[in-house]
Amino acid sequence: MYIRYFGIFRTEPEEGTEFLSEEVLRSVRRNGSLRRADRYTTLLVAMARLTAERCGLTPPFTDTALIDVTAWGPHNTTFSVLDDILDYPEDQVLPTKFSHSVHNVAPSYVGIELGIHGAIYTLSGFDDPWFDAVELASALLGCYSRVLILGLDEAGCLTEALPRLWPKRFDREWREGGAALLLSRDPAENCYGTLELTRGEPAVSGRFDFGCDAGFAPRPGMEKVILRRCPPHEDNGEGGWKNG
């Protein structure tokens, strides 16, 4: 596998990352006809659009597959729908809001935005689904010339409560953002090096709740990059989630 592009995205300015400012999100909503899309969808589309721009690629991506990776998905929208179900009669729950609570809706928007004609997947989990996505991508490259992997988690009431709910598992500062990785089977598109996967060597913790080994840092001109599976989380011996 050859790395065409890798980038980290944040909603707050940070050196070495792409800044998803409110101005960028407004531009994506306006130019992408995302008037009814939720924030999670808008963030994912913004990441996809910036990735294409950085690579100098223009839609349609007819021979490309897409994988969306997340721990929490559109949880803000999901909770809002559940609140509406409790507060209003069933026929008054907005169908548009409900549809955006489904995990695969956001990458479907990306597929439309970039003109992706290949398979579109969503992987969710807490024990490094990013690694699983790259393994899946290695198989998909037997069918498509490129695979775009987008990982994203959105801030919300759940992420704010994580240190209190499970302090040992979520003991670091939580920052909203994601990562993008564009893989190719064409050696001519080798911009960041070849990618190898390993399960046997120790890895540092992931950057995000969906994984992405913090030591994984492809840069232009590198020869080889190794992605290690983040170690699975060990229970804190007290049942994990805490009440109160």
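Reader: Where is Arg-10 found?
Author: Arg-10 is found in strand β1. Helices and strands here are DSSP runs, numbered from the N terminus: helices are H or I with at least four residues, strands are E with at least two. This is a predicted model, where local features need pLDDT of at least 70, side-chain atom pairs count only at pLDDT 80 or more, and totals for chains, interfaces and linings use all residues. Residues are numbered from 1 along each chain as its sequence is written, and side-chain values use heavy atoms, with hydrogens and water left out.

Reader: Why does Arg-10 count as buried?
Author: Buried means under 20% relative accessible area, exposed means over 50%, and partly exposed lies in between (1.4 Å probe, protein chains only). Arg-10 has 4% relative accessibility, so Arg-10 counts as buried.

Reader: Which residues is Arg-10 in contact with, leaving aside neighbours within four places in sequence?
Author: Contact means heavy atoms within 4.5 Å. By that rule the partners of Arg-10 include Glu-18, Phe-19, Gly-177 and Phe-208.

Reader: What makes strand β1 mostly covered?
Author: The count of buried residues. In β1 (residues 2-10), 8 of the 9 residues are buried.

Reader: How do you know that β1 and strand β6 pair?
Author: Two strands pair if DSSP finds at least two bridges between them. β1 and β6 (residues 177-184) have 8 bridges, in the antiparallel sense. Phe-9 stands opposite Gly-178 in β6.

Reader: How many bridges join β1 to strand β2?
Author: There are 2 bridges between β1 and β2 (residues 18-19), and these strands run parallel. In β2, Glu-18 is the bridge partner of Phe-9.

Reader: Why is strand β3 called largely enclosed by the rest of the structure?
Author: Because 7 of the 7 residues of β3 (residues 64-70) are buried. Both faces are covered. Thr-64, Leu-66, Asp-68 and Thr-70 are on one side, and Ala-65, Ile-67 and Val-69 are on the other.

Reader: Which way do β3 and strand β5 run, parallel or antiparallel?
Author: Parallel: 6 bridges join β3 to β5 (residues 146-153). Leu-66 has Leu-148 as its bridge partner in β5. Strand β4 (residues 120-124) also runs parallel to β3, joined by 5 bridges. There, Thr-70 stands opposite Ser-124.

Reader: What makes Val-45 buried?
Author: Its relative accessible area is 1%, under the cut-off, so Val-45 is buried. Val-45 lies in helix α2 (residues 39-55). Not counting residues up to four places away in sequence, Val-45 touches Val-28, Leu-34, Tyr-109, Val-110 and Glu-113.

Reader: How do you know that Cys-191 is in no disulfide?
Author: A disulfide is a pair of cysteine sulfur atoms within 2.5 Å. By this rule the count is 0 disulfides. The nearest cysteine sulfur to that of Cys-191 belongs to Cys-55, 7.2 Å away.

Reader: How many cavities of 30 Å³ or more does a search of the whole structure find?
Author: The search finds 1. On a 1 Å grid over the protein atoms alone, a cavity is a set of points where a 1.4 Å probe fits but cannot get out, and lining residues have an atom within 4 Å of a point.

Reader: Which residues line the largest cavity?
Author: Leu-162, Pro-163, Phe-170, Arg-172, Trp-174 and Asp-209 do.

Definitions and conventions
1 Å grid on protein atoms, 1.4 Å probe; cavity = no way out; pocket = protein on both sides within 12 Å on 5 of 7 lines; lining within 4 Å. Points joined across faces, edges and corners; volume = space filled by probe spheres on them.
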